[in-house]
Amino acid sequence: MAKPIITVENVSKRYRIGLKEQVDDSVGGAIMSILKSPFNNFKKLRNLTSFDKDDEAGVFWALRDVSFQLKQGDVLGVIGKNGAGKSTLLKVLSRITPPTTGHIEINGRVSSLLEVGTGFHQDLTGRENVYLNGTILGMKRKEIEKKFDEIVAFSGIEKFIDTPVKRYSSGMTVRLAFAVAAHLEPDIMIIDEVLAVGDAEFQKKCLGKMQDVSEHGRTVLFVSHNMQAMQSLCNKSIMLENGKLKMEGRTDEVINFYLSKHSANQVEKVWDSIDTADGNELIRMRAARISKTDGTGSDVFYVNSDLNFEFEFWNLEDGSMINLSIVLNTIKGETIFNALSAAKRISKGVHRIVFYVPGNLLNDDVYSIDLYFVKNTTDVIFRLESAISFEVHDIPRETGWYGKWIGAVRPILKTDYLEID
Amino acid sequence: MQTEITARKKWQFLDGRDLREVIHYKDLLYMLVVRDINVLYKQTILGFAWAIVKPLFQALIFTVIFGYLAGMANKMQGNIPYIVFTFAGLVPWTYFATAITGSTGSLIANTQFLTKVYFPRIIIPLTPILSKMVDFVVSLVALIILILAYGIAIPPTIIYLPIVLILLVLTTFGMGLWLSAMAIQYRDVQQLMQFLVPILMYMAPVVLPLAVFLKMKPWVVTVLSFYPMTGIVEGFRVCMVGGDMPWHILLYGSITTFIILFTGIIFFRAKEDFFADVV
């Protein structure tokens, strides 16, 4: 078996977090604290780099006992919520900050791209910045000279290459900066969320370039919130949670696990007692539930999943004519649709209404449902806003484009494609 | 290329690996120096003439205050006009003052490097040490013109100039390492520089001739001999306008220089890992 190109062993990183300042409530106390503040400030600043044994209160472990190995050609996705330790891991691997304990061995030249355009200077021209940024990223001047035309062509701003960067639009700066980064040829590349910049077309170009990089046998570590890009670029992934390595494995498995834990899902809501349930003297809620129609798998819903929206309620007035109207809203408040159940004269007791929502209708988004119970098809007798919420995730796509698919809905339409002449 | 990343480095001097790394990044050092030089006088009318105007103006002020008002003009050794005397002191001094100030603030001014990219950190405080040399050379040329304009011959002692300049650069670099590594964690250092630089200037024979210092109490003379800028400023002046090279003062001063430089490298090396955590 080939020697691993990166070995990370029990790496932990400790940071100090700011503790709450104490507030004085008397003039004397305030004067004393001003006099004492230089000593306290000194202690605080010194403590940034030294840790006493007895004050664990102000200490925060950004990474805790993280271990993994990468072979040459691996493309690793790092998944986790904000604050899970992703960026810290990349910083430790990039040698920006040392681990508190643990050991890392890297066999090869590393380039890290934690930011696009580090060291760009506003007063310098595009040309000067290409050289400056290139050397900052570890290239030699000769190397840059050789690739200069290629870099400029990739950025698409040939005309402005001798203009100071301060006259550039922000998009142009990013293009030029990414063009430099894209022409690095390290053995190992560490990339943090660079896809969050630039317009759609440019993102596409960047992802294409990244795919090239990994196909050339280079090892890539990649942090992103774009699950689409992860899914298609990374052959393995790790998930971090509170600084700990929670899961390691194939990218689709890790993403699935991550989504099942961190979806904005509240796919089931049950009201235990009729006395405390939402409702009134006519209607009381009993349960609301979103599930996959085929009953398989976890509570992770994809754009192609068939879904059941299920609502149970107590009807408290015998023989009333009731129907349920549901309004599906996105998290931004746009209404996607309003659907009605049939109206039915029902007896006193518990009833259930199920709406069947076909797959390939909803786009990926976070949704919530408002409920309207209607009597005699005209009077709203009980209204419950945001009764339940759930998230629909994108599925891996075949195309080379990983950005957000636009539109309120996302149907797959039957298409004809004919050669007529 | 193999890299190991572990917890903290020990207190130690640069080893072969560190040096190889600095050499690997020599093009970056070059680009940063070029950046500093290019940016410095951008959008000014005088451009590099500022490198002459700044010390010359200060020399004029000192000539009025110390030369005429305090009557130093007549006490100069060897009939050197006071303005030549003080300008010859200000040329190395201005280099020292601007390079040390730039070096001290260099890490703070470049926090984006510290938090976003790895390269040997020592390059950052080294950059102003090198880039300010351009100003130094420009003002050195101006000094030579001034000397010739006053009809003074360039003395044979000019052959010692390289020794003085090497000591000047090493002293500045050593102090830059100490001060920059402290300033990134304790910003007070930057505030202190406002007082420290003028105090250090009056401790060196920039506005007053060395003879005035030598008449002070013996312990003061001893302390000032170990202050590297005493020998460097006086030595530089002797190289340019003649006189006796202050060899033993230069020797004492260089002891301090090497101690500062050696400990500065060790201190900087121990602190550099944590720069990203303290900014």
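Is Arg250(A) buried, partly exposed or exposed, and what is its relative accessibility? In this predicted model, Arg250(A) has 47% relative accessibility and so counts as partly exposed.

**Salt bridges**

Let us look at a few of these pairs together. Over all chains, the structure holds 25 salt bridges.

| Pair | N to O distance |
|---|---|
| Asp277(B) and Lys13(A) | 2.8 Å |
| Glu310(A) and Arg352(A) | 3.5 Å |
| Arg410(A) and Asp364(A) | 3.7 Å |

The pair of Glu310(A) and Arg352(A), at 3.5 Å, links distant parts of the chain: Glu310(A) sits in strand β13 (residues 307-315) of chain A and Arg352(A) in strand β17 (residues 349-357) of chain A, 42 residues apart. Glu310(A) is buried, at a relative accessible area of 12%, whereas Arg352(A) is exposed, at 53%.

Arg410(A) and Asp364(A) also meet in a salt bridge. Arg410(A) belongs to the segment after β19 (379-393) of chain A, and Asp364(A) to the loop between β17 and β18 (365-375) of chain A, so this pair ties together parts 46 residues apart in sequence. Both Arg410(A) and Asp364(A) are buried. Elsewhere, salt bridges with shared partners join Glu268(A), Arg286(A), Arg289(A), Glu310(A), Glu312(A) and Arg352(A) into one network.

**Where the chains meet**

Now to the interface. Here 39 residues of chain B are in contact with 45 residues of chain A. About 3,800 Å² is buried between the two chains, and carbon and sulfur atoms give 57% of that area. Three salt bridges are counted between chain B and chain A, including the one between Asp277(B) and Lys13(A). There are also ten residue pairs in polar contact between these chains, both residues being at pLDDT 80 or more.

On chain B, the elements that each supply at least two residues to the side touching chain A are β1 (2-6), α1 (16-24), α2 (26-40), α5 (111-116) and α13 (275-278). The largest share, nine residues, comes from α2(B). By class, this side of chain B has 19 nonpolar, nine polar and eleven charged residues.

Key
Residues are numbered from 1 along each chain as its sequence is written. Chains are lettered from A and ligands numbered from 1 in the order in which they are written. This is a predicted model: local features need pLDDT of at least 70, side-chain atom pairs count only at pLDDT 80 or more; totals for chains, interfaces and linings use all residues. Side-chain values use heavy atoms; hydrogens and water are left out. Contact means heavy atoms within 4.5 Å. Buried area is the accessible area (1.4 Å probe) that two parts lose on being put together, summed over both. A salt bridge is a side-chain nitrogen of Lys or Arg within 4 Å of a carboxyl oxygen of Asp or Glu. A polar contact is a pair of N or O atoms within 3.5 Å; within protein, one must be able to donate a hydrogen and the other to accept it, and residues adjacent in sequence count only if both atoms are side-chain atoms. Helices (H or I, at least four residues) and strands (E, at least two) are DSSP runs, numbered from the N terminus. Ala, Val, Leu, Ile, Met, Phe, Trp, Tyr, Cys and Pro count as nonpolar, Asp, Glu, Lys and Arg as charged, and the others, Gly among them, as polar. Buried means under 20% relative accessible area, exposed over 50%, partly exposed in between (1.4 Å probe, protein chains only).
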